[in-house]
Amino acid sequence: MSATKAPVLKIQPEPAVDDHEEDPFPDPNSFVATLRRIGAGAAADGQPWPELHLSLGRRMQMADADCALCGLRTVAEMALAGERSRQNGAREDCLDDRSMEGLLMAVLSLTILATERAQGRV
């Protein structure tokens with residue numbers, strides 16, 4: 001059995017044309033602006049942790065940990081609801097094993113992220 005070969009795509013980049021570059025006040029809440037802030041290390045809501053006696057880097061770590069813990073709680077609640085529906089609900093209403101495993105992997109990943117940020121590891 002041989003592997004299928006995907007055709008090689010030759011992409012010609014078009015000249016960069018940004019209509020919004022001329023706008024002196026781009027919308028800071030746009031998707032692209034928000035994505036750039038996240039990529040640049042913006043913390044949970046784009047703002048560092050509110051305690052001013054900490055360094056800026058530590059404040060950003062704490063905000064990231066807070067965000068991860070919020071996500072952790074949400075995913076853990078989803079996993080608990082999935083387990084309760086498995087125990088008490090109809091078979092067709094239950095999450096499958098793969099979905100439950102995915103939720104638990106998300107719990108594990110978010111726990112690791114929150115722990116690393118709270119302990120000051122990046």
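Apart from its neighbours within four places in sequence, L103 is in contact (heavy atoms within 4.5 Å) with V75, M78, A79 and L95. The structure is a predicted model, in which local features need pLDDT of at least 70, side-chain atom pairs count only at pLDDT 80 or more, and totals for chains, interfaces and linings use all residues. Residues are numbered from 1 along each chain as its sequence is written, and side-chain values use heavy atoms, with hydrogens and water left out.

L103 lies in helix α3, which spans residues 97-118; helices are DSSP runs of H or I with at least four residues, numbered from the N terminus. With a relative accessible area of 13%, L103 is buried (under 20% relative accessible area, 1.4 Å probe, protein chains only). Between the C-alpha atoms of L103 and M78, which are 25 residues apart along the chain, the separation is 7.5 Å. A79, for its part, touches M100, L103 and L104, residues up to four places away in sequence not being counted.

The largest nonpolar core comprises 8 residues, namely A68, L72, V75, A79, M100, L103, L110 and A114. Such a core is a set of buried Ala, Val, Leu, Ile, Met, Phe, Trp, Tyr and Cys residues joined through side-chain atoms within 4.5 Å. Two or more residues of this core come from each of α2 and α3.

Helix α2 (residues 56-88) packs against α3 at an angle of about 160 degrees, and their axes are 8 Å apart. Axes are lines fitted to C-alpha atoms over the stretch in contact, and angles run from 0 to 180 degrees between N-to-C directions. The two helices are therefore roughly antiparallel (angles over 145 degrees).

Methods
Buried means under 20% relative accessible area, exposed over 50%, partly exposed in between (1.4 Å probe, protein chains only). Angles under 35 degrees count as roughly parallel, over 145 as roughly antiparallel, 65 to 115 as roughly perpendicular and the rest as oblique.
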